[in-house]
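User: Could you take a close look at the nonpolar core in this one, and then tell me how the ligand sits?

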Amino acid sequence: MNGLSYAIIGGGPSGLFAALFTALALREAELAGTVTVYERNRSCGRKILVTGGGQCNLTRDDSVEHMMAHYGKNGRFLSHAIHSFPPKRTMEFFEELGLPLLIRDDDKVFPASLKATEVVQILVQACLQMGVVFSNERRITGISRENSTFLLVSEHENPLRADAVAICTGGKSFPKTGSTGDGYRLAQQLGHTIVPVHPALSAVTTPSSSIGTCSGISVDPVTLMYTDKMGKRVYATGPILITHSGLSGPVVLNNSRDFATGDRIDVCWIPQTDRKKAPTRQEMENLILDACAKQGSAQLSTVVHKLGLPSKLLTYLMQEAAIDGTRKAAEVGRKTIAPLASLLVAHPFEISLEGAFGQAIVTAGGVDLTQVDPKTMQSRLVEGLFFAGEVLDIDGDTGGYNLQAAWSTGALAGTSMVAATHTRRAFTPLR
Ligand SMILES: Cc1cc2nc3c(=O)[nH]c(=O)nc-3n(C[C@H](O)[C@H](O)[C@H](O)COP(=O)(O)OP(=O)(O)OC[C@H]3O[C@@H](n4cnc5c(N)ncnc54)[C@H](O)[C@@H]3O)c2cc1C
């Protein structure tokens, strides 16, 4: 087929959508063109296969307005992309492709089969039907421009030529799926700035704490307290999971974009109704002392266990507070209780994210958004260069937000590539 050539680097969700929407836009405009996906792995969509525990939580049955609140401080950049291709459209689109969906009570959307493999298969099949060419096992290691043409360098190959390029190489997290940060280097080669990357939606380790002895325990909800990068005190409420090496669960994952190794976070184990305020240590002491007074003949540990937290966790906290739980409740005074009350309302942890890219769900940081047009996903620096997906400085909360960002930015990049190149040059019409 004659016409322009469109190169999509990376065959993950954003790349597959970019390819599909480039091909659809060409067909819509009755234009000729070649769309090629360059994927370093033997097959596309390896990260999709691990999403949602292999079930692929591909979006949410939610309004755009609600969605937008879940992408941190850079969420505004996504506004146009998500309005153009909202979750409802994602659902319709997959159903039109022949993938029945399941909407869970928590609004998470999955393929009805709960098989991520089907999502990959249906996308690859749709691309093939639209004439997209797959060049798998081809890792793009360099990119440059020669006049208005892009030259892509691939290992052991002559440079490949393209009239427009979409970098859809993902971030740096879960590198075994193929995302090792290549896209940042490619973007830099064309003059783009990379906002420093770090793991997000990540569990943290707590090297100086023995909380891992309570591994497997989850508490819902706790209040997480920390100071963010702007110096603002943050109070976040949600479920926490204790792991063998530290802390995980939604409240940790969704706030981890703000964490760095060496930071301190405090956990209030006592469920709160007011998110902005954990109880003070004194209030906690009063609560325990009141209970002790009422159940004076009981052992202190019996009284403490009535706080409603998991028994193993309370035993651990009492040990940490050096409290002898066998003492009679009536004999216990404020001084004895103080260290336990302190841990219950603000248990301090020094956290580490060392090695977290290996298991982080997404990458925070990436291609500087000020250099990308949010209305098209086109580079503001290099005409004909586009970005989509996690390579951008965007990361969402857990629960379908990240794949939605990949679909929306991929669709927008694909459509815009054709529109931009169409106005740039004369096309060869199909008929
Ligand atoms: C364990 C896990 C579970 C997740 N679960 C969910 C979930 O249920 N719902 C949700 O919304 N999000 C989930 N996510 C996040 C989501 O998978 C990602 O945000 C999304 O895959 C990003 O899409 P992408 O296309 O930008 O990048 P990727 O999916 O990382 O795809 C990038 C592709 O580019 C290829 N590539 C990289 N460099 C090159 C190169 N130089 N040349 C050629 N090809 C290259 C890679 O091999 C890869 O195939 C999960 C992530 C993980 C790790």
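Analyst: The largest nonpolar core holds 83 residues, and L58, F94, L123, V165, L392 and W407 have the most contacts inside it. By nonpolar core I mean buried Ala, Val, Leu, Ile, Met, Phe, Trp, Tyr and Cys residues joined through side-chain atoms within 4.5 Å, with buried being under 20% relative accessible area (1.4 Å probe, protein chains only). Helix α13 provides the largest share of this core, 10 residues; helices here are DSSP runs of H or I, at least four residues, and strands are E runs of at least two. Another core, of 51 residues, lies apart from it and includes C214 and I337.

This is a predicted model, so to speak plainly about limits: local features need pLDDT of at least 70, side-chain atom pairs count only at pLDDT 80 or more, and totals for chains, interfaces and linings use all residues. Residues are numbered from 1 along each chain as its sequence is written, and side-chain values use heavy atoms, with hydrogens and water left out.

Now the ligand. It has 36 residues around it, and S14, E39, D182, E390 and L403 come nearest (near means a heavy atom within 4 Å). Helix α13 turns up again, giving the most to this shell with four residues. As for backbone atoms, an N or O of L403 lies 2.7 Å from a ligand oxygen, while a polar backbone atom of R40 is 3.1 Å from a ligand nitrogen.

Conventions:
A polar contact is a pair of N or O atoms within 3.5 Å; within protein, one must be able to donate a hydrogen and the other to accept it, and residues adjacent in sequence count only if both atoms are side-chain atoms. Buried means under 20% relative accessible area, exposed over 50%, partly exposed in between (1.4 Å probe, protein chains only).
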